[in-house]
Structure formats: C-alpha cells, structure tokens
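Hi,

Here is the structure I promised to pass on. Have a look at it, and then read on for what turned up.

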Amino acid sequence: MKYTLRYMKGVIVFFALLPLLTAAAGLVPCDTNCNVCDLLTLGKNIINWMIQISFVFATLFFAWGAIVIMTARGSPEQLNKGKTIIYTALTGIGILLLAWVFIGTLIQVLTGSPSKLPWSEIQCSIKCLKF
C-alpha cells in the first residue's frame, strides 16, 4: 500500500510538471553559427526554466506544509513539522531569487549589456569566438 501511494504521488507530480518539461523545447537560441552570446543566452534560458520548475515545487511544498498543519489535530510535533516545511520552502525561494539576481548581473557584466530594464535581457556586444 505504501509503495502504491508513493508511485501514485510520482505519477501525479510527473503529470503536473509535464507542461514545464515540454516548455523546455525552446531553450537553444541558435541553429548554426552559434557564438558566446548564444551560449550565455542558453544559460539564461536554462536558469529561467529551472526557476519555473522551482516555483512549482515550492507551491507543492507550501501545500504539503499547510496540509500537515491542518491535520496536526493539536500535535505540537506535527504543527512544527508543517511550519518547518513552509519556512524551508520560503528560504529556498529566497535563495533562488538572490541567485537569479546574482547570475543575471554576472551575465550582464560578461556580455557588456547595459543595466537598463528589463535587466534579465541579454544585449550582447561580444563579436568574436564563433563555434
């Protein structure tokens, strides 16, 4: 029974994430004559895709933590467990957003993009190193 429940949870999570997995098809920005800017754009696309998946997982963890709190029935251990799950999800989202800002700034510096809004767009000025 326990293994069947785990299997069903895995199937539900897979089908919940399926739209995000198919959205990954547009990650590669070039077909031929790719350069360093295209490589950095690919990195940015992968990071943005992973952020989308992370928000889906964070939502699932928020829901799980809320369910644990609602089913605690006065048990302090279960209440603390639910709070810990929610706080961990919040901390993960905070770290994720800080890393996103840091990596976005690093990519802007590497490509010479101006620091105007939208800051997550790459306007590459590197003209060499084709591969």
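How many aromatic pairs does the structure hold? There is one aromatic pair, and bear in mind that this is a predicted model. The partners are Phe61 and Trp64, with 5.8 Å from centre to centre and 45° between the planes. That makes the pair tilted, because an angle under 30 degrees would count as stacked and one over 60 as edge-to-face.

Where do the two residues sit? Both Phe61 and Trp64 belong to helix 2, which covers residues 36-70. They are three residues apart there, about one turn of the helix.

To be called buried, a residue has to be under 20%, and to be called exposed, over 50%.

Now for the protein chain as a whole. Its secondary structure amounts to three helices and zero strands, and the order from the N terminus is α-α-α. The chain has 131 residues, and 24% of them are buried. Its accessible surface is about 9500 Å², with 71% of that belonging to carbon and sulfur atoms.

One last item is about contacts. Taking those in the protein chain between residues at least 6 apart in sequence, 51% join residues at least 24 apart.

If you open the model, start with Phe61 and Trp64 in helix 2.

Cheers

Technical notes: Residues numbered from 1 in each chain as written. Predicted model: local features only at pLDDT ≥ 70, side-chain atom pairs only at ≥ 80, totals over all residues. Heavy atoms only, no water. Phe/Tyr/Trp six-rings, centres within 6.5 Å; stacked < 30°, edge-to-face > 60°. Helix = DSSP H or I, 4+ residues; strand = E, 2+ residues; numbered from the N terminus. Buried < 20%, exposed > 50% of the residue type's maximum accessible area, 1.4 Å probe, protein only. Contact = heavy atoms within 4.5 Å. Areas by Shrake-Rupley, 256 points an atom, 1.4 Å probe, with all protein chains shown as cover.
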